[in-house]
Structures are given as structure tokens and as C-alpha cells.
Amino acid sequence: MKGYGQFCPIAVAAEVFAERWTPLILRELFAGERRFNDIRRGVPLISRSLLATRLRELEDAGVVESRPLARGRGRDYRLTPGGEELRQVVDGLGAWGQRWATGQFDPHNIDVGVLMWNVRRRVDVKRLPAQRLVVRFDFRAVPSYYKGMRTWWLILDRREVDLCLKDPGFDVDVIVTADATTMARVWMGEVDLGQAMRAGTVRLEGPRPLVQALPGWLLLSHFAHVERPVTTG
């Protein structure tokens, strides 16, 4: 029998929320992703078939609703009012993980694709210059299983921010060279970007005004503000 066999509201809620991958799928929906492929870019290790299954389960549970796209194939996924209520659960889970979980920056967790997907959607577009800019990220010390993801192009425009794993063919305005783990720590608020630059683990190259402005365009992780406990001893 699937489930806990209890009428306890924690048990019946866990039957929906606590399935493998479901909290991460909800995270992507809360971040504004509404298309199947965009959701999967934030959860790249899930198979397409399992993602489709999880989305159907969330629809059956009344957490998500979908409708066919107006153009082309695929569906548009949106949270229902019941799904929106899970936002505080996901936020609370993320805050706990940021504060208490161990192994956050272990090598097998440094997925630079997920890092850059998060960078792409956490850019303060209101602070960007009027002209389009291209920032290339070159990562060092990338785990071997992510070796094909060492270089990324972030295309910054006030109308839209795009992310490419292949050279888009535009002139590059700023180059960011970074140790992958250090960049993840910067993104999560554990290491200050200026500190990383002084240590040489992150380097910015380009016209001085753009290099000076770039840190202000990056909003960092939604959980970067969460304070960790002070260790003693």
C-alpha cells in the first residue's frame, strides 16, 4: 500500500510533498518556471519520464494545474492556491538546509549547470545598462562528471536574461573566471565576492565600469541571507 495509512494531516501531506524530487520540482515552479524543459533544467538528474509522472501526481493532488500551450507542443504548468501554500514549506526547508545541513559544497553537489540556471533568474535587470551585455563564465576545478559545462555565456538584457552553454556568437563584455566551489559558496552567501577576488579564486576581466557594476547585478541565492550557527571550540 502506498502511503502511511494514517489520517494525520502530516502523513497525508507528506504523501504529496515528500516524494523524491517533488520538493525540487516545486522549487522550480516557485521560481517562476512553467514549461517542462525549463523545470527540468533546474532538476537535470531527473529523467523526463519521472518528471512527467511527478507533475501528473501534483496535478492529481490539486497542487499544480496545466493547460496546453497556445503555440506548439507541451503544457504550461501553474501552481494552484493549494500549491502556493507550500511555498512557506519549501522556503522553510531551504532555510533549514542552508543553516544546518552538512555536505552542501561536497564535490558531487557542485553542479555548475544548476548554479548558472539560478544565476540567470536572479539578475537585477533594473540595474543593467541599456545595451545588451554578454558575460562569459569560465569555471576551474569542475568535477569530472560536469567537465562539459566549464564555460557558460550569460546574455544580459533588460527585457530578458538568457543562458547558453554554446557560444552565442556575440562579443563578450566581461569574463568571470572562478573556482566552481568558490562560486557556489559566493552564490549561497558563505563567501563574499570581494573576498574571493582578493584570494584569486574569482577573477573579473573587462572594462572597469562593467567589472565594478557586475556584483551589483547579481542578487545571489534566495537563501544567501540565512545566517548559519556560530561554531565554538
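Trainee: Where is Val-211 found?
Mentor: Val-211 sits in helix α10, residues 208–217. Helices here are DSSP runs of H or I with at least four residues, strands are E runs of at least two, and both are numbered from the N terminus.

Trainee: What kind of model is this, and how are residues numbered?
Mentor: This is a predicted model, where local features need pLDDT of at least 70, side-chain atom pairs count only at pLDDT 80 or more, and totals for chains, interfaces and linings use all residues. Residues are numbered from 1 along each chain as its sequence is written, and side-chain values use heavy atoms, with hydrogens and water left out.

Trainee: Back to Val-211. Buried or exposed?
Mentor: Val-211 counts as buried, at 15% relative accessibility. Buried means under 20% relative accessible area, exposed means over 50%, and partly exposed is in between, with a 1.4 Å probe and protein chains only.

Trainee: What is Val-211 in contact with, leaving aside neighbours within four places in sequence?
Mentor: Leu-204, Glu-205 and Gly-206. Contact means heavy atoms within 4.5 Å.

Trainee: Next, Thr-177. Where is that found?
Mentor: Thr-177 is in strand β6, residues 174–179. It is buried, with a relative accessible area of 10%. Leaving aside neighbours within four places in sequence, Thr-177 is in contact with Asp-138, Arg-140, Thr-201, Val-202, Arg-203 and Glu-205.

Trainee: Which side chain does Asp-138 meet in a salt bridge?
Mentor: Arg-136, at 2.9 Å from N to O. A salt bridge is a side-chain nitrogen of Lys or Arg within 4 Å of a carboxyl oxygen of Asp or Glu. Asp-138 is buried at 17% relative accessible area, while Arg-136 is partly exposed at 24%.

Trainee: Which residues do salt bridges with shared partners join into one network?
Mentor: Arg-27, Glu-28, Glu-33, Arg-120 and Arg-121.

Trainee: How many salt bridges does the rule give?
Mentor: The count comes to 15.

Trainee: Take Glu-33 and Arg-120. What is the N to O distance?
Mentor: 3.0 Å. Glu-33 is in the loop between α2 and α3 (36–42) and Arg-120 is in helix α7 (residues 112–121), so the bridge ties together parts 87 residues apart in sequence. Glu-33 is buried, with a relative accessible area of 5%.

Trainee: What about Arg-54? Which residue does it form a salt bridge with?
Mentor: Glu-19, with the closest N and O atoms 3.6 Å apart. Arg-54 belongs to helix α4 and Glu-19 to the loop between α1 (9–17) and α2, so this pair links parts 35 residues apart in sequence. Arg-54 is buried at 10% relative accessible area. Glu-19 is partly exposed at 21%.

Trainee: At what angle do α2 and α4 pack?
Mentor: About 75 degrees, with the axes of α2 (residues 22–30) and α4 (residues 48–60) 11 Å apart. Axes are lines fitted to C-alpha atoms, for helices over the stretch in contact, and angles run from 0 to 180 degrees between N-to-C directions. The two helices are therefore roughly perpendicular. For the cut-offs, under 35 degrees is roughly parallel, over 145 roughly antiparallel, 65 to 115 roughly perpendicular, and the rest oblique.

Trainee: Which residues make that contact?
Mentor: Thr-22, Ile-25 and Leu-26 from α2, and Leu-51, Arg-54, Leu-55 and Leu-58 from α4. They divide into five nonpolar, one polar and one charged. Nonpolar covers Ala, Val, Leu, Ile, Met, Phe, Trp, Tyr, Cys and Pro, charged covers Asp, Glu, Lys and Arg, and the others, Gly among them, are polar.

Trainee: Now α8. Why is it largely enclosed by the rest of the structure?
Mentor: Because six of the eight residues of α8 (residues 180–187) are buried. Those are Ala-180, Thr-182, Met-183, Ala-184, Val-186 and Trp-187. They pack against α7, β3 (133–140), β6, α9 (193–199) and β7 (202–205).

Trainee: How many bridges join β4 to β5?
Mentor: Four, and the strands (residues 151–156 and 161–164) run antiparallel. Two strands pair if DSSP finds at least two bridges between them. β4 and β5 form a hairpin with four residues between them.
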